[in-house]
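Subject: Structure for you to look at

Dear colleague,

Here is the structure I said I would pass on. My notes on it follow below the entry.

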Amino acid sequence: MGASAGDISERKKEWIERRRLGDLPRASLQSGAAVEPLYTPADTAGLDYERDLGFPGEYPFTRGVYPGMYRKNLFNMRQYSGFGTPEDTNRRWKRLIASGHRAASLAFDLPTHLGYDSDHPLVRDDVGKLGTAIDTLEDMEILFEGLPMNLTPTVFNTAGPAAVIVAMQIAAAQKQGVDPADLISVITNDILSVYLSRGTWIFPPAPSVRLVGDVIEYAVRHIPRFFPVNIQGVYAQAVGARSAEAIGIAFAIARVYIEEGLRRGLAIDEFAPRLSFFIASGTHVFEEAAKFRAARRAWARLMRDGYGARDPRSMRFMVTGVSGAAARREPELNLIRGALGALANALGGVQAMWVQGYDEGYTIPTEKAARYSLRTMQIIAEETDACDTIDPLAGSYYVESITNRLEEEILAAMKLVEDMGGAIEAIATGKLRRHLMKQDFERYRKLATGEIPVVGENKYRTEDEREAPIEIHRPDPAAVERQIERLRAVRARRDGKAVRETLEQVRRAALAGANLIPPLIDAVRAYATLGEITAVLKEVFGTFEEPSIL
């Protein structure tokens, strides 16, 4: 007989003491939990294969959401792009697609996120700077010129005006002669995470969650290939959440949207298969890969045991992993950081990934930086063995041990949010933000002292290195004028009576509590602008005021 787990554990302690390995420098997970210098079968003694791992594509999905995983279909490569006018982004998309990109991922500019038209005096200086300007349906039509909307999977990153953007997608598809039921698209539409981090909110939480529910309900009924909510754990990470903690917070936020769907009479298995997530990965390759395995198991158990889901698709944790960094010194090193995070994503079994441009510490990526990010993913897919077998890290004493630990951290983060009164209360009152800010302060302290090493920034730094020895994206000042000129031309030639009537329909639906997507489609078809529609909804819903978090 082999040695028991207890015997191995004792032998490990004796071995560490004899070799004096207890004096080694401390290592830890991002949560601060200690990483031991050696892992053995004793660290996975409680692991039950059928209960805790199973097979890919089967409950609890720890080893992957699909049976064949990358041997059958590679992860989607969704390089984030968007700048200037819709024409500018259309050209960038076409070049990325020609280079092997498999989806069009859109960044909107700040005015669009906030529901302003490009000629509004408050936002004119930000038009087209950090994303594409979208004012009317005509902009959406131009964005997809030469790109059939039923053959071009898209990922749209916006939340505040998401319902209006979805209406524009539907109307643009119809103008292309495409049945909206054939649209293949994902939209962020995760307003609660925006309150937590990004600041691009418009309306208060209650009507904003209602708008999320409108998109979910309409998608279930009319656009079956549409993913109506992509929960942004990455935003929690941006303000101090650790990787596993960010997933737990994302799950707590997802529960709000689930409850909204159930409140509308939708069955859990009608809409849960189209909830998806967006999570960042750093350079701690094994921990980052393990967190995805832990998240799959935790999500499957939540959906089956917490919500009574019966469709296996409802239990799949569908996730896009983003990697990279925005270090400003020696920015080319961000290529390496992005590659390590992308490797973690692949080893962790994500469904899609995106690698940040190495120049994003300064501005949006240049075309060269975007191409390098795409090539990074392609090299992992084509030139390494990371995709040759399913869940290649399974069975590692270390990985299985920290997978268990990270699942505990995910569940603890969910409980933290629930103890704060649930996601809406925790976010609207600033309680969760205050918690994360404390962690973020501690992270910056460790960066400043070098406890968290960043090569070239706080470790092995050479003072003769220039801050940005690279070419960076320069916004085209003329793009603003081109966008405003088109907006004014649309206003001049549209049917003013139709605009007024459809905006009134939007107002009435908002007051009546009806699903807003149908009247929004009518309004954008009449070429009502994003700003005009938002102004009507502000009159009904009001605006959100950020709570004090000091």
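Glycine 421 comes after helix 16 and has a positive phi, near 105°. The model is a predicted one, and the values here are computed from it. Helix 16 itself runs over residues 397-419, 23 residues in all, and its first and last C-alpha atoms are 33 Å apart, close to the 33 Å expected at 1.5 Å a residue. Its buried residues are Val399, Glu400, Ser401, Ile402, Thr403, Leu406, Glu407, Glu409, Ile410, Ala413, Met414 and Val417. These buried residues of helix 16 pack against helix 2 (49-53), helix 11 (243-263), helix 13 (285-307), helix 17 (423-428) and helix 18 (431-449).

Backbone exceptions

Most residues other than glycine have a negative phi, and most peptide bonds are trans.

- The peptide bond from tyrosine 59 to proline 60 is cis, with omega near 5°. Proline 60 sits in the loop between helix 2 and helix 3.
- Phenylalanine 61, not a glycine, has a positive phi of about 65°. Phenylalanine 61 is also placed in the loop between helix 2 and helix 3. With a relative accessible area of 1%, phenylalanine 61 is buried.
- Glutamate 330 is another residue other than glycine with a positive phi, near 45°. It belongs to the loop between strand 9 and helix 14. The relative accessibility of glutamate 330 is 18%, and it therefore counts as buried, the limit being under 20%.

Helix 20

Helix 20 covers residues 496-512. Its 17 residues should span 24 Å at 1.5 Å a residue, and the end C-alpha atoms are 24 Å apart, so the two agree. Val499, Thr502, Leu503, Val506, Ala509 and Ala510 are buried in this helix. They lie on the same side of helix 20, because the arc they cover around the axis is only 120°. An α-helix has 3.6 residues a turn, so residues three or four places apart point the same way. Arg500, Arg508, Leu511 and Ala512, on the other side of helix 20, are exposed. The partners of the buried residues of helix 20 are helix 9 (205-222), helix 21 (517-525) and helix 22 (530-541), against which they pack.

Threonine 502 is part of helix 20 and has a relative accessible area of 9%, so it is buried. Apart from neighbours within four places in sequence, threonine 502 is in contact with Asp522, Ala523 and Ala526. From threonine 502 to glutamate 481 the separation is 21 residues in sequence and 28 Å in space, C-alpha to C-alpha.

Arginine 92

Is this arginine buried or exposed? At 6% relative accessibility, arginine 92 counts as buried. Arginine 92 is found in helix 4, residues 86-98. Its contacts, leaving aside neighbours within four places in sequence, are Ser81, Phe83, Pro365, Thr366, Glu367 and Ala370.

Pockets and cavities

Rolling a probe the size of a water molecule over the atoms shows where empty space is left.

The second largest pocket has a volume of about 680 Å³. It is lined by 30 residues, with Tyr66, Asn76, Arg78, Met318 and Gln351 the closest to its centre. Two or more lining residues come from each of helix 3 (69-72), strand 4 (154-157), strand 5 (185-187), strand 8 (275-281) and strand 9 (319-323). Helix 3 gives the largest share of this lining, three residues. By class, the lining of the second largest pocket has 17 nonpolar, nine polar and four charged residues.

Over the whole structure, five cavities of 30 Å³ or more are found. The largest cavity has a volume of about 160 Å³. Its lining includes Arg78, Tyr80, Ser105, Asn157, Phe278 and Trp354. Strand 4 and strand 7 (229-232) each supply at least two residues of the lining of the largest cavity. Five of the lining residues of the largest cavity are nonpolar, six polar and one charged.

The second largest cavity has a volume of about 90 Å³. Of its 14 lining residues, Met69, Tyr70, Gly349, Ile390 and Asp391 lie nearest its centre. Helix 3 and helix 14 (333-348) are the elements that give two or more residues to this lining. The largest share, three residues, comes from helix 3. The lining of the second largest cavity divides into eight nonpolar, two polar and four charged residues.

Regards

Technical notes: Residues are numbered from 1 along each chain as its sequence is written. This is a predicted model: local features need pLDDT of at least 70, side-chain atom pairs count only at pLDDT 80 or more; totals for chains, interfaces and linings use all residues. Side-chain values use heavy atoms; hydrogens and water are left out. On a 1 Å grid over the protein atoms alone, a cavity is a set of points where a 1.4 Å probe fits but cannot get out, and a pocket is an open set with protein on both sides within 12 Å along at least five of seven lines; lining residues have an atom within 4 Å of a point. Grid points are joined across faces, edges and corners, and a volume is the space filled by probe spheres set on the points. Helices (H or I, at least four residues) and strands (E, at least two) are DSSP runs, numbered from the N terminus. Ala, Val, Leu, Ile, Met, Phe, Trp, Tyr, Cys and Pro count as nonpolar, Asp, Glu, Lys and Arg as charged, and the others, Gly among them, as polar. The expected span of a helix is 1.5 Å times one less than its number of residues. Buried means under 20% relative accessible area, exposed over 50%, partly exposed in between (1.4 Å probe, protein chains only). The arc is that of the directions from the helix axis to the C-beta atoms. Contact means heavy atoms within 4.5 Å.
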